[in-house]
Amino acid sequence: MADLRDYIKWRGDLTFEQSPFNEVDNLIFSYIAYMNFSGIVPEHPGDVSRCDHGGNVDKMQERITIREACTRFWELHTEQEVLENPTMTRPLPFVFRDLAASRRFGDLYLLDYRNEIDEDSHKQFSAVQIDLGNHRYYLAFRGTDETLVGWQEDFNMVCMPEVPSEKRAVEYLREALQRRESFPEQKPEFYIGGHSKGGHLAVYAAVHCYEQFQDQMIRVYNNDGPGVSAAIAASEAYQRMLPSLVSYVPEQSFFGLMLIHEETTYTVKSSRSGLMQHDCLSWEVMGTEFVKIHEVSVQSRKTNDGLKKWLEGLTVEERQKITELIFSSLSLAGVRNVGDFAALTPKKIYDMTRKLKGMDAEQKALVNRAFRLLIHALKGKVK
């Protein structure tokens, strides 16, 4: 069955004037937000960015085409380096090369790139914008990357009213809307989206900016990302934004069922199984649409219901303590990113287990209680 790369080959010769923006384009733009554009896409107006055909850099440009960004990326990185990437996004630079070679995507501009990681505050935030022409933009938030900081922030999302990347997403979206709101010829319009945590950030930021900028938001896309908290779901801004919000999840979704979803949600057929369906490249495509099925699997729904029940049995403080305990142990073992898991030595594993064995009585009681609740919540639900 066809996937994103097939779509790029089939539709790549058609401009957006010939074939309007669609849901598959949305996923492609959410996917390229995972690219490492450091030193390639400008972060602020006036930054170094654009390369001419001779490879020279024009310091006066504020944006760079996908074709130029691809050329620059492969000047900075080798194929061997890319192939050694242990994460799910390893094929991305090669997909980006396909985009650069196409008529549909190659001449689109990238701008306002951000990539911010702060281990102290557990923040992992990244975003980029794609200029679609005719005063329309796609603002893409990156999902969780391979850093341990990014994964810890995801855990924190279920036990804190606001994590640093959520706050930063609101600031970034507001800055983009305000900057282009003053254009005299025509007020720009935005598609806003992301994959995984990026989809959640898109919804979170849009809700907080909706009252002031709703006329500039065409649609908000959440591609297999968590929903929102009960407080946000009950807000007037969220309820008013629902007609503009759409989510896509694979059949065996996990991340895309977390928290609250009240928006229109479509289930997409995937060529993979289990958690690997979270991979964008596994989503099946037919023409300009995803191949859709009736609903997510019963197993995914039951697992998610069990985890929600588990979290409801823990206080916010207990969730925070458990998360801190787990990630401090991983940090002690020298784990900084996903690739470090494969490099764990017996000594590092020993150091990590020693940390867990060294818990005080209160910590041990908390862990025991948490696991008892988890087993009870998932009993009979998970194979």
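Contact is taken here to mean heavy atoms within 4.5 Å. In the predicted model described below, local features need pLDDT of at least 70 and side-chain atom pairs count only at pLDDT 80 or more, whereas totals for chains, interfaces and linings use all residues. Residues are numbered from 1 along each chain as its sequence is written, and side-chain values use heavy atoms, with hydrogens and water left out.

Among contacts in the protein chain between residues at least 6 apart in sequence, 70% join residues at least 24 apart. The secondary structure of the chain amounts to 15 helices and 13 strands; helices (H or I, at least four residues) and strands (E, at least two) are DSSP runs, numbered from the N terminus. Of the 383 residues in the protein chain, 50% are buried, where buried means under 20% relative accessible area, exposed means over 50%, and partly exposed lies in between (1.4 Å probe, protein chains only). The accessible surface of the protein chain is about 18100 Å², and carbon and sulfur atoms account for 53% of this surface. Accessible areas come from the Shrake-Rupley method with a 1.4 Å probe, and for residues only the protein chains shown count as cover.

An open sheet is formed by nine strands in the order β3-β4-β5-β6-β7-β8-β9-β10-β13, with mixed pairing; two strands pair if DSSP finds at least two bridges between them. Strands β3 (64–65) and β13 (292–293) are the edge strands, each pairing on one side only. Helix α8 (residues 197–213) packs on this sheet and touches β5, β6 (136–141), β7 (189–195), β8 (217–223) and β9 (245–250). The direction of helix α8 makes about 155° with that of β8; axes are lines fitted to C-alpha atoms, for helices over the stretch in contact, and angles run from 0 to 180 degrees between N-to-C directions.

Strand β4 (residues 109–118) runs antiparallel to strand β5 (residues 123–133), to which it is joined by eight bridges. Within this pairing, leucine 111 is bridged to glutamine 129 of β5, and glutamate 116 stands opposite phenylalanine 125 of β5. The two strands form a hairpin with four residues between them, and histidine 122 in the turn has a positive phi of about 60°. Strand β5 is largely enclosed by the rest of the structure, because ten of its eleven residues are buried. On its other pairing, β5 is joined to β6 by six bridges and the two strands run antiparallel. Isoleucine 130 stands opposite tyrosine 138 in β6. The hairpin of β5 and β6 has two residues between the strands, and asparagine 134 takes a positive phi near 55° there.

Aromatic side chains were examined next. Rings of Phe, Tyr and Trp (its six-membered ring) pair if their centres lie within 6.5 Å; planes under 30 degrees apart count as stacked, over 60 as edge-to-face and the rest as tilted. By this rule there are 21 aromatic pairs. The rings of tyrosine 138 and tyrosine 221 are stacked, since their centres are 6.4 Å apart and their planes stand at 25°. Tyrosine 138 lies in strand β6 and tyrosine 221 in strand β8, so this pair ties together parts that are 83 residues apart in sequence. Tyrosine 138 is buried, at a relative accessible area of 0%, as is tyrosine 221, at 5%. A stacked pair is also formed by tyrosine 248 and tyrosine 266, with ring centres 5.7 Å apart and planes at 25°. This pair links strand β9, which holds tyrosine 248, to strand β10 (residues 264–268), which holds tyrosine 266, across 18 residues. Tyrosine 248 is buried, with a relative accessible area of 4%, whereas tyrosine 266 is partly exposed at 35%. One aromatic cluster consists of Phe16, Phe21, Phe29, Phe105, Tyr138, Tyr191 and Tyr221.

Charged groups also lie over aromatic rings; the criterion is NZ of Lys or CZ of Arg within 6 Å of the ring centre and within 35 degrees of the ring normal. Lysine 292 lies over the face of tyrosine 266, at 5.4 Å from the ring centre. The charged end of arginine 97 is placed over the ring of tryptophan 74, 4.4 Å from its centre.
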